[in-house]
Amino acid sequence: MAYVPIPKDLKKVKTKVAFNLTKRQLIGFTIAGLIGIPIYLFMRKVVPNDIAVIFLIASTLPIFFITLFEKDGLSFEKYFKYIYLHKFYQPQKRVRKEVYLERQKKDSAAKAHAKQKEFKKSKTGLKAK
């Protein structure tokens with residue numbers, strides 16, 4: 001009787017579309033080919049062949065990286081998004097929830113007080129002297 005190994009975590013299993021590649025890989029390699037081949041053909045006329053190949057590799061390498069990169073089950077876009085949000089939108093120093101809520105309450109009270117002050121100034125500015 002033949003045995004077929006079945007992985008325990010089915011999230012790691014990816015469906016292959018053609019040439020034993022996933023849909024994401026096929027799209028990425030196609031884009032790299034559509035960008036890299038014209039660059040090579042154009043640069044071959046301008047510079048020597050070996051330098052044209054270097055241009056081809058330099059132009060397609062980032063696309064291959066984005067296509068093949070996967071860390072902790074996340075694609076490059078999702079991973080980069082989380083890194084970006086962590087660096088620029090989350091506070092560097094973590095604060096307890098109570099302190100955070102108190103700060104927000106003070107800020108909203110200060111904004112409301114400033115609006116009332118503006119409203120009083122604009123009201124007095126309309127009156128004729």
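Residues are numbered from 1 along each chain as its sequence is written, and side-chain values rest on heavy atoms, with hydrogens and water left out. Because the model is predicted, local features need pLDDT of at least 70 and side-chain atom pairs count only at pLDDT 80 or more, while totals for chains, interfaces and linings use all residues.

**Overall fold**

The protein has four helices and two strands, in the order α-α-β-β-α-α from the N terminus. Of the 129 residues, 11% count as buried; buried means under 20% relative accessible area, exposed over 50%, and partly exposed in between (1.4 Å probe, protein chains only). Among contacts (heavy atoms within 4.5 Å) between residues at least 6 apart in sequence, 38% join residues at least 24 apart.

Helix 1 covers residues 23-46, and its 24 residues reach 35 Å from the first C-alpha to the last. That is close to the 34 Å expected at 1.5 Å a residue, where the expected span is 1.5 Å times one less than the number of residues. Its buried residues are Gln 25, Gly 28, Ala 32, Gly 36, Tyr 40 and Met 43. An α-helix has 3.6 residues a turn, so residues three or four places apart point the same way. The buried residues of helix 1 pack against helix 2 (49-68).

Thr 67 belongs to helix 2 and is buried, with 8% relative accessibility. Leaving aside residues up to four places away in sequence, Thr 67 touches Arg 24, Gln 25, Gly 28 and Phe 29.

**Salt bridges**

A salt bridge is a side-chain nitrogen of Lys or Arg within 4 Å of a carboxyl oxygen of Asp or Glu. By this rule the count is two.

| Pair | N to O distance |
|---|---|
| Glu 77 and Arg 24 | 3.1 Å |
| Arg 96 and Glu 98 | 3.4 Å |

Glu 77 and Arg 24 form a salt bridge that links distant parts of the chain, with Glu 77 in helix 3 and Arg 24 in helix 1, 53 residues apart. Both ends are partly exposed: Glu 77 has a relative accessible area of 40%, and Arg 24 has 33%. In the other pair, Arg 96 is exposed at 58% relative accessibility, whereas Glu 98 is partly exposed at 47%.

**The loop between the strands**

Asp 72 lies in the loop between strand 1 (70-71) and strand 2 (74-75). Most residues other than glycine have a negative phi. Asp 72 is not a glycine, yet its phi is positive, at about 55°. The residue counts as exposed, with 70% relative accessibility.

**The second largest pocket**

On a 1 Å grid over the protein atoms alone, a pocket is an open set of points where a 1.4 Å probe fits, with protein on both sides within 12 Å along at least five of seven lines. Lining residues have an atom within 4 Å of a point. Grid points are joined across faces, edges and corners, and a volume is the space filled by probe spheres set on the points.

The second largest pocket holds about 300 Å³ of space. Its lining consists of His 86, Lys 87, Gln 90, Pro 91, Gln 92, Lys 93, Arg 94, Val 95, Tyr 100, Arg 103 and Gln 104. Helix 3 (76-88) and helix 4 (97-126) each supply at least two of the lining residues, and helix 4 gives the most, with three. By class, the lining divides into three nonpolar, four polar and four charged residues. Here Ala, Val, Leu, Ile, Met, Phe, Trp, Tyr, Cys and Pro count as nonpolar, Asp, Glu, Lys and Arg as charged, and the others, Gly among them, as polar.
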